[in-house]
Amino acid sequence: MSSVRPPRARRLPFFGALRANRPSEIWFKPALSVVVATAPPNLTLLALDRLDLAMYTMAGSLCALYAHNRPYAVRARVLAWVVLGMVGGLAVALVTASLTTNALVLVTVGALLAAAQKALCDASRIGPPANVIFTFVTSAALFVPQSLAQVPGHLAASAVAGVWAWLVCMVPALIRPHGPERRATAQALNAVAAHIETAHPERPGARTAAATAVHTAWQTLLSAGARNEPRRALERLLVRAEVALATPADADPGRLRAWARELRGTGTLPRAAAPAEAAGEPLDVECRLAGGQAPLWSRLGPLTPIAVRTAVGCALAGYASLAIGVGRPYWALVTAASLYQANLTLTWNRGVQRVVGNLAGLLAFAALVPLAHLGPAALVLCCLALSFGAEALISRNYWLGTICVTPMALLVTEFVRHENPGELITDRLLDTLVGVLVGFLAAVAVTNRRAGDRVEHALAAVERAREHTVRTAADPNAAPAALRATRRSLAAALVELRATTDAAAGEWWQRARHSERVTHAEQAGHRTLAATVRRHGIQASEGARA
């Protein structure tokens, strides 16, 4: 009998997409950073009476939204690439705008840039706000009158603001040098404690969040830099979290949560038993043994359907906006670009959130316009307040953040000259509806049949990692670092399998696949992890206490 079943109709949620979540633990970091990164450039331009250049400095300032969950050594590199990517995309947009004013050409270039930005951000896993900020900046720049002689100066303004944003995001390293590692370890301890307290802790689904948090904490710690004493202490706590995850019946969730609380701030790190296996080789050796990420080009391949969706959807949304006579087709293009998520179901959710948030944001803009028109200083202060509000709310739900993003985007157009508020509201409303409708239809039309293939590859990777872990654990001559590396590789493969499976489950128009193989692979993988941790982790910990 064939295992291929016809695709079932999927229910598209509405109110569930609008449910508010708990705010991110570090919501205030990007919120404060973007204000501090934006205020000096904008206030300087205000003093010089050159607010018409604010769009270019904001391109660099918005780089401060990225990489707040990364350890500082990694954050420095990621932010540098973000600034380079922002300036590079802006350069393409400004040069194009200076060479042609043909709206069809500009929309096409904007759609191609949006697709490239989407693919690169997803492949590099740069995280929120991902490609949307890049696309917002480059798409708007395409429709700003420009000459080639002006381009170097505008790019210089953006680059200077980007360097300032880099400095703003790196300053906390002077105050709390191990903050990201401490935070990631605390999240892992709390996630394991929550897993232990569940009614069915042995189910793979109940274990997923805890395993993912522990894996993320290890990745953060391993990429943070030299293995100094604070990082050794955090490593010991993570090993204790692994032991608790492997033997939930014998673990004390209260103790794990107490350790997590002690990791807040800059206080003394809690002392945990020092596993003997963690006293071996340096962490950078373990990183090499565990293996790094696949090359960027190999990660781009599976993202081709999403990139094509983005290019087609953004282009069609922009063309449709031009056809109905809207003066700013890039708003429809950006709306379409903001929709595309890991799968079609999440894309639908984002469409609902975008429409509701923009409608509420237009009301907010109507209320703020009289205040913003009091003078240039009031306009700058309104934009700063809205940028803070957007980052404060967006981690609770995208539509809540959009309530502030929408009026801020409209007020940015006021930096050059005052516009008719009624026309701005009408154009933005039409572009939102066009962008969401056309963008979602393009997502339905451009299917992602590779999603199922990625599940197959992830299953194979888990099986290979599990077999390698079993062989290494059974080898009496295996070095402790080698066993740790195989465990990390298996944990990473299990996390990737769950993420890939969840993404594929939200796609339409593909062959249905049974979930038994995924469940079996997860159960076997977690049993192997638990067995190796019990065999080597608990014994080592008991030996250390003795």
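A polar contact is taken here as a pair of N or O atoms within 3.5 Å; within protein, one must be able to donate a hydrogen and the other to accept it, and residues adjacent in sequence count only if both atoms are side-chain atoms. In this predicted model, local features need pLDDT of at least 70 and side-chain atom pairs count only at pLDDT 80 or more, whereas totals for chains, interfaces and linings use all residues. Residues are numbered from 1 along each chain as its sequence is written, and side-chain values use heavy atoms, with hydrogens and water left out.

His154 sits in helix H6. Its relative accessible area is 10%, so His154 is buried (buried, under 20% relative accessible area; exposed, over 50%; partly exposed, in between; 1.4 Å probe, protein chains only). Beyond four places in sequence, His154 is in contact with Leu53, Tyr56, Leu94 and Gln146 (contact, heavy atoms within 4.5 Å).

The protein has 22 helices and 0 strands. Helices (H or I, at least four residues) and strands (E, at least two) are DSSP runs, numbered from the N terminus. Of the 546 residues, 52% are buried. Contacts between residues at least 6 apart in sequence join residues at least 24 apart in 82% of cases.

The mean pLDDT (the predictor's confidence in each residue, from 0 to 100) is 86, and 88% of residues reach 70 or more. Helix H6 (residues 151-170) has the highest mean, 98, and helix H12 (residues 283-290) the lowest, 43. Where pLDDT is low, the predicted coordinates should not be read in detail.

The largest nonpolar core has 64 residues. Such a core is a set of buried Ala, Val, Leu, Ile, Met, Phe, Trp, Tyr and Cys residues joined through side-chain atoms within 4.5 Å. Helix H3 (residues 72-99) supplies its largest share, 11 residues. Tyr66, Leu411 and Phe415 have the most contacts inside this core. Beyond four places in sequence, Tyr66 touches residues including Leu79, Val82, Ile126, Ile133 and Phe134.

Helix H11 (residues 253-262) buries Pro253, Leu256, Trp259 and Ala260. Seen down the axis of H11, these residues fall within an arc of 120 degrees, so they line one face of the helix; the arc is that of the directions from the helix axis to the C-beta atoms. Their cover includes helix H8 (179-196) and helix H10 (229-246). Asp252 caps the N-terminal end of H11, with a side-chain oxygen 3.1 Å from the backbone nitrogen of Gly254.

Leu483 lies in helix H21 (residues 480-505). Leu483 is buried, with a relative accessible area of 6%. Its C-alpha atom is separated by 6.1 Å from that of Thr472, 11 residues apart along the chain.

A search of the whole structure finds 0 disulfides (pairs of cysteine sulfur atoms within 2.5 Å). For Cys383, the nearest cysteine sulfur is that of Cys382, 7.0 Å away. Cys383 is buried, at 4% relative accessible area. Cys121 is buried too, at 8%.
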